[in-house]
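Hi everyone, thanks for coming. Please take a moment to look at the sequence and the model on the screen, and then we'll walk through them together.

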Amino acid sequence: PELMAMLKARVNGQLGAVSFASARRPWGTIGLCFMISVLCGIGFLRFQAENDTSKLWVDQKSNAMVNQQWVGENFEDTIGMMRFLIQAKNKGANALTVNAFNEAF
């Protein structure tokens, strides 16, 4: 109990001193808080959001990433839209039947 009372008195004294100093110089306190905020915010200048899961969760020097990079450099991206036309064998027949699809694929 004695240690807690001594600790409590010391903390109260320190907080009282900070309160007294900030009450005597309010503009200085505001300026100090602003400067601390600016200094802490400097790190946001280099902030980049990353949403590529392979960069977030996979070691960039792993074999999987080296192989993925090699594939990306040596093969083109074929992601895109594909279109195909299905025509029924018999003229005027319906190409959207199960049999027509089974024949096509």
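This is a predicted model: local features need pLDDT of at least 70, side-chain atom pairs count only at pLDDT 80 or more; totals for chains, interfaces and linings use all residues.

Residues are numbered from 1 along each chain as its sequence is written, and side-chain values use heavy atoms, with hydrogens and water left out.

So, what is the protein built from? It has five helices and zero strands, where helices are DSSP runs of H or I with at least four residues and strands are runs of E with at least two. Along the sequence, that reads α-α-α-α-α.

Now look at the outline. The radius of gyration is 35 Å, whereas a compact globule of 105 residues would have one near 13 Å. That value is taken over C-alpha atoms, and the globule rule is 2.2 Å times the number of residues to the power 0.38. Along the principal axes, the C-alpha atoms fill a box of roughly 100 × 40 × 35 Å.

How much of the protein is buried? Buried residues make up 6% of the 105; buried means under 20% relative accessible area, exposed over 50%, and partly exposed in between, with a 1.4 Å probe and protein chains only. The protein exposes about 10,700 Å², and carbon and sulfur atoms supply 62% of that.

On to the aromatic rings. A search of the whole structure finds two aromatic pairs, meaning rings of Phe, Tyr or Trp (its six-membered ring) with centres within 6.5 Å; planes under 30 degrees apart are stacked, over 60 edge-to-face, and the rest tilted. One of the pairs joins Trp-70 and Phe-75 edge-to-face, at 5.9 Å centre to centre and 75° between the planes. Trp-70 is partly exposed at 48% relative accessible area, and Phe-75 is exposed at 52%.

Finally, the cysteines. How many disulfides are there? The count comes to zero, a disulfide being a pair of cysteine sulfur atoms within 2.5 Å. For Cys-33, the nearest cysteine sulfur is that of Cys-40, 11 Å away. Cys-33 is partly exposed, with a relative accessible area of 45%, while Cys-40 counts as exposed at 58%.

Terms used: Accessible areas come from the Shrake-Rupley method with a 1.4 Å probe; for residues, only the protein chains shown count as cover.
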